[in-house]
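Dear colleague,

Please find below the structure I promised to pass on to you. Have a look at it first, and then read my notes on what turned up in it.

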Amino acid sequence: MLLRRLGSPFLRHASMLRRPIASVPIRSVYESKSIRLKTLERIDNMKEQASQGGGAERIAKQHKKGKLTARERLDVLLDSGSFREYDKLKMHRCTDFDMEKQQHPGDGVVTGSGRINGRPVFVFSQDFTVFGGSLSETHAQKICKIMDKALKLGVPVIGLNDSGGARIHEGIDSLAGYAEVFQRNVLASGAVPQISLIMGPCAGG
């Protein structure tokens, strides 16, 4: 009686609630889970690859020269456990000169935020074991990102430079990346402290 008083639209909705819910095929559930596990495994492998930079052989060469790696330098500079990395898996998009076959997650620079004696800083550390630390379009984007954040929050930015300069494989895209970084140097000048550490080869302009 109550349903009749509420009217036909309510009756239609009530009848829909009594209909059986379509079952999801068990196979599709397992397939989705398998895809998810494979994706997570792939991401873990990329994270591990990013942590190794250019690989064990190139790291050994760096150590033989008496130099630390990009990540080891950040471990020394920052308070223990304070580093939060950005864009760890970012890779270049260059397809010229078969560059698509040479991919290193992180693209030759480690960027993020951390603390020094409890005070916040933004940092980037160029990785000479990956393409000689050369600057690509995406490499520059990573540096620009932390510089933008430093300027927005009024926090110092520290750069650990160890680079052979522009990545010539990318031509003008690499040079444009330098222009973007230098523009942020200008914008941040007088607004936030900018500190550069020359840890090896370094291009200036």
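**What was found**

The protein exposes about 12,900 Å², and carbon and sulfur atoms supply 57% of that area. Please keep in mind that this is a predicted model. Of the 205 residues in the protein, 35% are buried. The secondary structure comprises seven helices and five strands, which follow the pattern α-α-α-α-α-β-β-β-α-β-α-β when read along the sequence. Among contacts between residues at least 6 apart in sequence, 73% join residues at least 24 apart.

Turning to the aromatic rings, the count comes to two aromatic pairs. In one of them, the ring centres of Tyr 86 and Phe 122 lie 6.4 Å apart with their planes at 45 degrees, so this pair is tilted. It links distant parts of the chain, since Tyr 86 belongs to strand S1 (residues 84-86) and Phe 122 to strand S3 (residues 119-126), 36 residues apart. Phe 122 counts as buried because its relative accessibility is 6%, under the cut-off of 20%.

Tyr 178 and Phe 182 also form a tilted pair, with 5.7 Å from centre to centre and 35 degrees between the planes. Because these two residues are four apart in helix H7 (residues 172-188), about one helical turn separates them. Tyr 178 counts as buried at 15% relative accessibility, whereas Phe 182, with a relative accessible area of 35%, is partly exposed.

One further ring deserves a look: the charged end of Lys 67 sits over the ring of Phe 128, 4.8 Å from its centre.

Key
Residues are numbered from 1 along each chain as its sequence is written. This is a predicted model: local features need pLDDT of at least 70, side-chain atom pairs count only at pLDDT 80 or more; totals for chains, interfaces and linings use all residues. Side-chain values use heavy atoms; hydrogens and water are left out. Rings of Phe, Tyr and Trp (its six-membered ring) pair if their centres lie within 6.5 Å; planes under 30 degrees apart count as stacked, over 60 as edge-to-face and the rest as tilted. Buried means under 20% relative accessible area, exposed over 50%, partly exposed in between (1.4 Å probe, protein chains only). A charge sits over a ring if NZ of Lys or CZ of Arg is within 6 Å of the ring centre and within 35 degrees of the ring normal. Contact means heavy atoms within 4.5 Å. Accessible areas come from the Shrake-Rupley method with a 1.4 Å probe; for residues, only the protein chains shown count as cover.
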